[in-house]
Amino acid sequence: MSQSIFAGRSVLMSQINNSLTTPYLLFDRKQWAALRNSVPMTLTEDEIARLKGINEDLSLEEVAEIYLPLSRLLNFYISSNLRRQRALEQFLGTDGQKIPYIISIAGSVAVGKSTTARVLQALLSRWPEHRRVELITTDGFLHPNAVLKERGLMKKKGFPLSYDMHRLVNFVSDLKSGAPQVTAPVYSHLTYDVIPDGDKVVVQPDILILEGLNVLQSGMDYPHDPHHVFVSDFVDFSIYVDAPEAMLEKWYINRFLKFRQGAFTDPDSYFHHYAQLSEEQAIDVATSLWKEINWLNLRENILPTRERASLIMTKSANHAVDLVRLRK
């Protein structure tokens, strides 16, 4: 028997063993891309360019091979959920309330959660069903800077202590209860603070995408503020965007350098003083911020939630997804 046959059998047995010892089905990029199953591309290259983050390469190929199969899977799940809702209404003899399907997206700072959220919002809203898709980030549920300063938590932004979790839980709970409309606070990355009286009104969407560092966390992550339910209890499908830590640090530093030449130059920017740094100084500052705040938060509070996700997307160089794990 040839070596190539032995190698092929070895790969197959490895896949079978992995499938038996993990709650996830594993797909490499080629296998996942094949699941697109002729779903048409509904975004143009110009639209994709507008959806990507400041520090990311998002190609038409990436959307076709990664996000179109994902949007197809989500459409199946959403349709199934709607059928289940109708069955319950038929059983109860009621018309029922409009209950949105909630998708959460978690992962480290600089991993590209926001781009993933925006791409999915665009794709899901263009399915033939024309569902209305809202996108909310949990940054708005951070305590205002005045509160964080008073509590000595400005260097802990993004950590569990920095969020108004009661308001966030009430927000998703009200949505899942069929409330006619709910409001969500809005965060400004320019001023690095919650916008006073800047709440966004959310009116019964078909789908809500909730993006943030903390959407996979549970009550055990908040011993300082115990409560019986958490955001993850109301989520229908959860995504964790993953990447090696060394790559995350590199992306964070590169993003900081781009902000230094862009957003930080605005006099109204909270980080305007960083625009005056030399490139070497900026790299030193960004490295320090990563290690003292963002890496620490990743290891202590974000990464431990990864295996709670319904689907894990693992990125390699250039923010390209090369591995997808889907919970069985």
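Some conventions before the details. Residues are numbered from 1 along each chain as its sequence is written, and side-chain values use heavy atoms, without hydrogens and water. As the model is predicted, local features need pLDDT of at least 70 and side-chain atom pairs count only at pLDDT 80 or more, while totals for chains, interfaces and linings use all residues.

I start with the rings. A pair of aromatic rings is described by the distance of the centres and the angle of the planes. Here, rings of Phe, Tyr and Trp (its six-membered ring) pair if their centres lie within 6.5 Å; planes under 30 degrees apart are stacked, over 60 edge-to-face, and the rest tilted. By this rule the count is 14 aromatic pairs. One of them is Phe141 with Phe171, tilted, at 5.5 Å centre to centre and 45° between the planes. That pair links distant parts of the chain, 30 residues apart: Phe141 is in the loop between β3 (133–137) and α6 (145–150), and Phe171 is in helix α7 (residues 165–176). Helices (H or I, at least four residues) and strands (E, at least two) are DSSP runs, numbered from the N terminus. Both Phe141 and Phe171 are buried, where buried means under 20% relative accessible area, exposed over 50%, and partly exposed in between (1.4 Å probe, protein chains only).

Tyr252 and Trp290 also form a tilted pair, with 5.6 Å between centres and 40° between planes. Tyr252 lies in helix α8 (residues 245–261) and Trp290 in helix α9 (residues 279–302), so this pair ties together parts 38 residues apart in sequence. Tyr252 and Trp290 are both buried.

Ring pairs also link a cluster, which includes Tyr187, Tyr192, Phe256 and Tyr274. Lys157 lies over the face of Tyr192, 3.7 Å from the ring centre; the criterion is NZ of Lys or CZ of Arg within 6 Å of the ring centre and within 35 degrees of the ring normal.

Next, the strands. Two strands pair if DSSP finds at least two bridges between them. Strand β11 (residues 321–327) pairs with β1 (residues 24–28) in the antiparallel sense over five bridges. Five bridges also join β11 to strand β10 (residues 311–315), again antiparallel. Arg325 in β11 is the bridge partner of Leu26, and Ile312 stands opposite Arg325 as well. The hairpin of β10 and β11 has five residues between the strands, and Asn318 there takes a positive phi near 60°.

Last, Leu92: this residue lies in helix α4 (residues 60–92) and is exposed, with a relative accessible area of 52%.
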